[in-house]
Every structure is written in structure tokens, then in C-alpha cells.
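Here is a short walk through the model you have open. Keep your selection tool handy, and we will go stop by stop.

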Amino acid sequence: MVALLLGIGAYILIQRTWTPNVSVNNTPVAQTVQTASSNNQADNPSPTPSLSGEKIHLSDGLRFETVKLNIRRAKRKFSIKVQYPQLVSDRIVEHKRAQLFNHAVRHFIENEMKRDYAVYTDTRDLEKEMSEWADVEEVAGGDYEISYASDEVISVVFSVYFAPWGAGGAGGTPYVFNYDFQHSREIKSGELFKPRSNHVQTLISYCEPKLQERHGEMFFGMSFAERAGEYKYFGITKEGIAVIFPEYTFAPGSAGIHNVFVPYEVIKDKINPRSPLAKLAGVANE
């Protein structure tokens, strides 16, 4: 009974956060994009903590607008409702690099959602349809935070929470989209660091004492291999990187999606001098 009440509470919370599917020309659609706001931080507070004080450094009158990806699988009673950024320019009508970014970030989050929630495509089994959850729609809802944006690099941190059928609560997963805006291409996490630099060990040595101090006895111990596998989401900021961890990683669910900020000075000798990160870290010419 307790698990049931918690599950219903999580579902209600997410349903209040995300609006119903939209329509175009009064025709319902299964998947569409809708402009939601020109100020994501004001109208749609992100579940991810703010990662940098001075985050936006774009020229050409570029600014971010928020749009929403809605994918509804009616037979499965499952919906994906994730907000993501799009660049618009107040000076240039068709800004080529902005258009390429817009396509890339939408492609990224849409593919991540379809891949991670591919299992939720079939219809529910009879047992579920005959239960108290029969009329409850499962929802994966997400928001984003601009970690940093300049004419050279853009970093977007997504936080997606999923309330599955019959579960005791929603689970949270981060997704990070780092983008070389100057050369119009996605930056993979491995490109940020020098090959064979052992950067993960450096990050573990810096982050885990802070995590232990933050969570105390609630800190989850893991084997080295398990711990190393969690160091893969890096939000770029002006002063350093935010290492972002999914819910239930190193800490109980109450911690949610959480991060540890790592100053560039700590990882300076690990950063790839050819990556867009190098200029921010002051190692571009090394």
C-alpha cells in the first residue's frame, strides 16, 4: 500500500509538471514540437542545480528558446515529454550555425529517449490492464539547463525523470549534450581529455571525498569498475566541469540527479589541448 501511494504521488507530481500532448491545426499528433518559452530558467525551473553564474556568451543576437518534444504511445499508455533548447537570432534570419545546432540537439535528445525507452512500445499485458493502474499513463518528463554557451562551445544538461507503472517513485537520469559551435559538431566526452591520461582516476579522487562528506553514511560504495563507469556526464562551465550523476548513484534517491563541480585547475594536465574545453581551461597552447 505504501509503495502504491508513493507511486501515485510521483505520477501526480510529474503530471502537474508536464502539460498534455498538443495539437497542430486542431489535429492531435503523436509527436510534435512546440515553442514553450524564451526564458527557460524563469518559466520552467530545471531539476538540475545551476552550474555556472555567467553562462551565456553568444554574439549575433543569439538567444535560447525552449521547445518541447512530445512522443505519445497510446496503446502502451506511455508518453515522453522533454523540453530542449533552440537558438534564434534577433539579427540574422537564417543563422546557419544556429540551425545546425538546433538540428543536432533535437536529434540527440530524441534519439536518447527513443533508445532508452524503446521497450515501452508494446501494449500493456492483461494483468496491468485489470489492476488499479489501468488508467495511469507512464511518463518520462524532462527539462534542461544551459551549463555554458559561447561562440565556441555550448553545453546542455538534461534531467529526465521517469514514473513507471506500479513503481514506488520516479527515477532520474541526466543526459549531456556538448557541442562545438564553431565547427558545428557534437563533442563526445572522451574528446575532452588526453588519451590515456587517467582522467577518471583524477575525477574519482576529487569527487568522492566530497560525495562522502555530502551524504555521510548514506554514501554508496562501489567497486572501482562500477565507480569509473559513472564518470561519463560532464557539463562544461566557465570555471570547470560539473560531473553529473544519475539518481541512486553514490546516494539515496532523495539526492536526485546530483553533481560535483571540478575546477579546471584540478584536471588541467588531463585536458585535451585540441578540444574546445582547452581555451576555457587555459591549456589551448600547451
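A charge counts as sitting over a ring if NZ of Lys or CZ of Arg is within 6 Å of the ring centre and within 35 degrees of the ring normal. Keep in mind that this is a predicted model.

**Stop 1: a charge over a ring.** Select R97 and F181. R97 lies over the face of F181, at 4.4 Å from the ring centre.

**Stop 2: aromatic pairs.** There are 14 aromatic pairs in the structure. Show F101 and Y179: their ring centres are 5.3 Å apart and the planes meet at 70 degrees, so this pair is edge-to-face. F101 belongs to helix α3 (residues 96–116) and Y179 to strand β9 (residues 171–180), so you are looking at a link between parts of the chain 78 residues apart. Both F101 and Y179 are buried.

Next, pick Y144 and F158, a tilted pair with 6.4 Å centre to centre and 55 degrees between the planes. Y144 sits in strand β7 (residues 138–150), F158 in strand β8 (residues 153–163). Relative accessibility is 1% for Y144 and 0% for F158, so Y144 counts as buried, as does F158.

**Stop 3: an open sheet.** Which strands form it, and in what order? The three strands run β11-β12-β13, with antiparallel pairing. β11 (234–236) and β13 (258–263) are at the edges with a single partner strand each, so one side of each lacks a neighbour in the sheet. Six bridges join β12 (residues 240–245) to β13; select V243 and you will find its bridge partner, V260, in β13. Finally, show helix α5 (residues 199–215), which packs on the sheet and touches β11, β12 and β13.

Definitions and conventions:
Residues are numbered from 1 along each chain as its sequence is written. This is a predicted model: local features need pLDDT of at least 70, side-chain atom pairs count only at pLDDT 80 or more; totals for chains, interfaces and linings use all residues. Side-chain values use heavy atoms; hydrogens and water are left out. Two strands pair if DSSP finds at least two bridges between them. Helices (H or I, at least four residues) and strands (E, at least two) are DSSP runs, numbered from the N terminus. Contact means heavy atoms within 4.5 Å. Axes are lines fitted to C-alpha atoms, for helices over the stretch in contact, and angles run from 0 to 180 degrees between N-to-C directions. Rings of Phe, Tyr and Trp (its six-membered ring) pair if their centres lie within 6.5 Å; planes under 30 degrees apart count as stacked, over 60 as edge-to-face and the rest as tilted. Buried means under 20% relative accessible area, exposed over 50%, partly exposed in between (1.4 Å probe, protein chains only).
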